[in-house]
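Please take a look at the structure first, and then we will walk through it by topic.

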Amino acid sequence: MKVLLTGAAGFIGMHTALSLLQRGDEVVGVDNLNDYYDPKLKQARLEILQRQAGFQFLRLDLADRADVRRLFAEGGFDSVVHLAAQAGVRYSIENPDAYVDSNLVGFANVLEGCRHAKVKHLVYASSSSVYGGNTKLPFAEADQVDHPVSLYAATKKANELMAHTYSHLYAIPTTGLRFFTVYGPWGRPDMAYFLFAQAIVGGKPIKVFDESRMLRDFTYIDDIVEGVVRTLDRPPSVVSNADATHEAPYRVLNIGNNAPVALSTFIETLETKIGKKAERIHLPMQPGDVVATYADTSLLNQLTGFAPSTPLATGLGKFVDWYRSFYSV
């Protein structure tokens, strides 16, 4: 296939692009290379991709309607993997405009591009954050997700609604993937595990928010990518969500490890892999955070025959090895 992949210089984007290229797909990657976190890390990811046959990169802001229209008109894409977004729950409280431009305007432009180019399948990144403060565990796709607790979560829920509308009106097959706490080599420096590693290696204290209650369904990057690629090959033909009222080629799927881990256990495992104890500063839960995430992955398994299963110790070991190599520490 010829695949348009947005957010190609991002964490999940780079790994997904490599997987598609390795199986023989042609990938056009776009990214605006913003400075939300160190652009040098994005450039390093991009350099890896640009050494691969079949990869083309375009620097482009998806909020620019004219540029996106031109991209789709000239691209000839079979499918789209839309991973570009302004990420971060806490950052959305401080900089709401960035989320409106990227996650809402940008996504609307991608949907319009898919509509006019008659793309065969749009797979896009949603998030476990759409479940908000739900207390029923594990989170299932048919659960109500009408009470987001951050603007980031609200934009991801909005993406799902927008996708359903386009699937219903224009018969565009769309699949939203609700990612659960993705970690691994080449990860985002704003994520807790990355900040923890940076602090522990550097002999500085780590900030731990509500450690006694926090549970997260940490999902290794290779498992996420496997789910994305397998899903891409299986466009929906009818609605699969029990709470949807109109038939449409639309679905939403969880991709998580289906095994939540206490934050204290996560930190202890990271300490073991680094070989150094962390000094902890205990703080209350932050606005926009939730106590627990836990993915029901039965629909993903039913559709693709796959379910994430990388053990935390294995995944964190690979991350620490990469971190020490990349930063020479």
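**Briefing: surface, fold and aromatic pairs**

The chain has an accessible surface of about 13900 Å², and 51% of that belongs to carbon and sulfur atoms; areas come from the Shrake-Rupley method with a 1.4 Å probe, and for residues only the protein chains shown count as cover. Please keep in mind that this is a predicted model, where local features need pLDDT of at least 70, side-chain atom pairs count only at pLDDT 80 or more, and totals for chains, interfaces and linings use all residues. Residues are numbered from 1 along each chain as its sequence is written, and side-chain values use heavy atoms, with hydrogens and water left out.

**Overall fold**

- Eleven helices and 13 strands make up the secondary structure listed for the chain (DSSP runs numbered from the N terminus: helices are H or I with at least four residues, strands E with at least two).
- The chain is as compact as a globular protein of its length, because its radius of gyration is 19 Å, close to the 20 Å that the globule rule gives for 329 residues (taken over C-alpha atoms; the rule is 2.2 Å times the number of residues to the power 0.38).
- Along the principal axes, the C-alpha trace spans about 55 × 45 × 40 Å.

**Burial, contacts and charge**

- Of the 329 residues, 54% count as buried (under 20% relative accessible area, with exposed over 50% and partly exposed in between, using a 1.4 Å probe and protein chains only).
- Among contacts between residues at least 6 apart in sequence, 81% join residues at least 24 apart (contact means heavy atoms within 4.5 Å).
- The 32 positive and 35 negative charges have mean positions 2 Å apart (Lys and Arg are positive, Asp and Glu negative, with His and the chain ends not counted; the places used are NZ of Lys, CZ of Arg, CG of Asp and CD of Glu).

**Aromatic pairs**

- The structure holds 27 aromatic pairs (Phe, Tyr and Trp rings, the six-membered one for Trp, with centres within 6.5 Å; planes under 30 degrees apart are stacked, over 60 edge-to-face, the rest tilted).
- W186 and W322 form a tilted pair, 5.3 Å centre to centre with 45° between the planes.
- This pair links distant parts of the chain, 136 residues apart: W186 lies in the loop between β7 (182–183) and α7 (192–201), and W322 in helix α11 (residues 312–327).
- Both W186 and W322 are buried.
- F319 and Y323 also pair, and they count as tilted because their ring centres are 6.0 Å apart and their planes at 45°.
- One aromatic cluster has W186, W322, F319 and Y323 among its members.
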